Number of protein chains: 2
Amino acid sequence: MGEPLDPSSLVSDELSIIANRLRAMVVSEVPKLSSAAEYFFKMGVEGKRFRSTVLLLMSTALNITVPEPPTELQEALSTELRAMHITVPEPPTELQEALSTELRARHTTVPEPPTELQEALSTELRARQQRIAEITEMFHVASLLHDDVLDDADTRRGVGSVNREMGNKLAVLAGDFLLSRACVALASLRSTEVVSLMSRVVEHLVTGETMQMTTTSDQRFSMEYYMQKTYYKTASLISNSCKSVAVLAGHPTEVAALAYEYGKNLGLAFQLIDDVLDFTGTSASLGKGSLSDIRHGIVTAPMLFAMEEFPQLRTVVEQGLDNNPANIELALNYLGRSRGIRKTRELATKHANLAAAAIKSLPKSEDENVRKSRTALIDLTQVVITGTKKRDAPS
Amino acid sequence: MGEPLDPSSLVSDELSIIANRLRAMVVSEVPKLSSAAEYFFKMGVEGKRFRSTVLLLMSTALNITVPEPPTELQEALSTELRAMHITVPEPPTELQEALSTELRARHTTVPEPPTELQEALSTELRARQQRIAEITEMFHVASLLHDDVLDDADTRRGVGSVNREMGNKLAVLAGDFLLSRACVALASLRSTEVVSLMSRVVEHLVTGETMQMTTTSDQRFSMEYYMQKTYYKTASLISNSCKSVAVLAGHPTEVAALAYEYGKNLGLAFQLIDDVLDFTGTSASLGKGSLSDIRHGIVTAPMLFAMEEFPQLRTVVEQGLDNNPANIELALNYLGRSRGIRKTRELATKHANLAAAAIKSLPKSEDENVRKSRTALIDLTQVVITGTKKRDAPS
């Protein structure tokens, strides 16, 4: 594939548009609410916009002919179409066929193949897909705000957390406010399937957080429970938003399922590597990470794999590691002697490869932009597993 | 109007159905999340179900012929219709006309006027309107959960608050969970207008709460600011859900606007009386209420009116009343000498009358059930202004 390009460079202009729109979308008539809600959308504190990058690339990667543009898209366009005085000939082309009955009822005719119409449909679709990216960022930040209250966190993205700077109350309210603005934006897409997919995500974020907070002892040491929780907390948002991008474009179920599979596996790989980095930080050595999960009693994949080799490690973890340097050292010692880190990286690689395979299974396209975006999505799976920096996954 | 019947008696069976369904809707795979979310839906802690009562009565009150059943309703029914083998004759009656194009494309014919069809449409509509009541109760309880965290409240509806019993974290998550389940239920109605109306409500609840929490000194003593906050915190939910009930039935804009006006004015009257009761409790004498608003520095209508007569009262309130018995006594003294309580009751009465007038402006109907429900809605406006018990308004 030659020199891998920076996957986000393909969409950097659009990322700026989205960033500006996000700042505009969270303005409230109550100044304090605006300040709290926009806190993480401010220039320099926006995070890596990983989710938006994926969603924009996915939008282009799926920019292939679909059987029929979805009704909501046609409806969203109908005003614009009428303003263009576009008229439909007999017999209609496939695209014109897809136009609303109302439009055809006007018995109007087009002299030439309607490229303006195709352009208008494609611009409108792109705007709707960008909106999914915006909604995804709002859901993500809302969950960060509430998680930071729950964890009593002091910092986030290198600056003071909202709960610390403005108080828990405002952090809770700002999270609720972002959720409500995201729901209003979602409703404006007029796609019931997308509203369903994305509402389910909010439920998953909450479910994952609660699973983590209320584990029984057996659940805490179960790999299955860990993976389920990881799906809810991290992978559901990106997988369902990827699927939404496909649904908005009117793709058939199989294509939407591939978009979902990409997002799910990328999200799982992302979190598995994040869990490794909690132990190793940017270096490859144990104990160089923040160790924040284990200090909070959260048992992640590296430890779970290590316990398969050293069952006695479970007892150490059960005794508690917070404020217990001897136990932390002991646990890290077991982990270092085990293949826990390696197996976690292998599992992440497996999911990254599944994500790449989903992209490779998409219907073929000769379009240069489509191919570039697919390559970038595949490159991203590699960026994720070679990641060296903790990201702001909700944890 | 003779002996006023208990307005909720007309819908008590349906209230039980809704209560059962609410308990079923908040079940989660995570036990602790279920416990927290169902806390206020449990038998005996359900509150007075004031909002559900209003919405069910409104549904019946609007049970009059509409120009055309809305598309989503027809779509929701189409499976059921097909299962009935209902077939459409030529020329179609008005109701059949309204059936989906798909159905007509089947070139099927009905021998008799389709009363089953009308019944099916009306049952489906009622189920959808009940769902608005369920969503409204979920939004309401979600806002109670978060408000109790914000206020650090100890009790609610006579039992320990969720934050007190299960911790702030679970109360925040349970509120988020209810919001997400409500959004999923909302999406299932497949009505973009209703999704928009109801998402806006969540934003209003948050805005109202933040307005109360972050007032400048001038805003705190402004009647206009108080009324705006009261609309957001209390009246938006009931007014927009009343409107949603009308929109689901396919009523024209004017009828939907009357439903909205009823809810808005009823909600404002309700809150104004609640604010009086905070001073008087069940008796008519000052200081018998919980005085919780004023102790928390929240200035409500009675005080605002009193300050118009005694500007020096503002200074007393500004000095703070919490843990300051002398100042509380002084403030109550000013209030007692003023017409603050009386003017607040008058304002509540004005809004209650506006609510009743909205019902009287609805299109006439000879149907007995419709008339009974309208009478009950009008009676409710009187129940609200003669109210003697603090209710669980979010405050």
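**Questions on a predicted model**

Reader: At 44% relative accessibility, as what does Arg190(B) count?
Author: The model is a predicted one. The limits that matter here are under 20% for buried and over 50% for exposed. Because its relative accessibility is 44%, Arg190(B) counts as partly exposed.

Reader: Where does Arg190(B) lie, and what is its phi?
Author: Arg190(B) sits in the loop that runs between helix 9 (168–188) and helix 10 (192–213) of chain B. Arg190(B) is a residue other than glycine, yet its phi is positive, near 55°.

Reader: Is Leu291(A) buried or exposed?
Author: Leu291(A) also has a positive phi without being a glycine, at about 55°. Its place is the loop between helix 13 (253–280) and helix 14 (292–295) of chain A. Buried requires under 20%. Since Leu291(A) has 4% relative accessibility, it counts as buried.

Reader: What share of the area buried between chain A and chain B do carbon and sulfur atoms give?
Author: The contact draws 34 residues from chain A and 34 residues from chain B. The buried area between the two chains is about 3,400 Å². Of that area, the share from carbon and sulfur atoms is 71%.

Reader: With which residue does Arg181(B) form a salt bridge?
Author: Between chain A and chain B there are 2 salt bridges. In the one formed by Arg181(B), the closest N and O atoms are 2.6 Å apart, which is inside the 4 Å limit. The partner of Arg181(B) is Glu203(A).

Reader: Which helix of chain A gives the most to the side that touches chain B?
Author: Across the interface, 6 residue pairs are in polar contact. On the chain A side, helix 2 (31–38), helix 7 (115–151), helix 9 (168–188) and helix 10 (192–213) each supply at least two residues. With 13 residues, the one that gives the most is helix 10.

Reader: How many residues on the side of chain A that touches chain B are nonpolar?
Author: That side of chain A also holds 8 polar and 9 charged residues. The nonpolar residues number 17.

Conventions: Residues are numbered from 1 along each chain as its sequence is written. Chains are lettered from A and ligands numbered from 1 in the order in which they are written. This is a predicted model: local features need pLDDT of at least 70, side-chain atom pairs count only at pLDDT 80 or more; totals for chains, interfaces and linings use all residues. Side-chain values use heavy atoms; hydrogens and water are left out. Contact means heavy atoms within 4.5 Å. Buried area is the accessible area (1.4 Å probe) that two parts lose on being put together, summed over both. A salt bridge is a side-chain nitrogen of Lys or Arg within 4 Å of a carboxyl oxygen of Asp or Glu. A polar contact is a pair of N or O atoms within 3.5 Å; within protein, one must be able to donate a hydrogen and the other to accept it, and residues adjacent in sequence count only if both atoms are side-chain atoms. Helices (H or I, at least four residues) and strands (E, at least two) are DSSP runs, numbered from the N terminus. Ala, Val, Leu, Ile, Met, Phe, Trp, Tyr, Cys and Pro count as nonpolar, Asp, Glu, Lys and Arg as charged, and the others, Gly among them, as polar. Buried means under 20% relative accessible area, exposed over 50%, partly exposed in between (1.4 Å probe, protein chains only).
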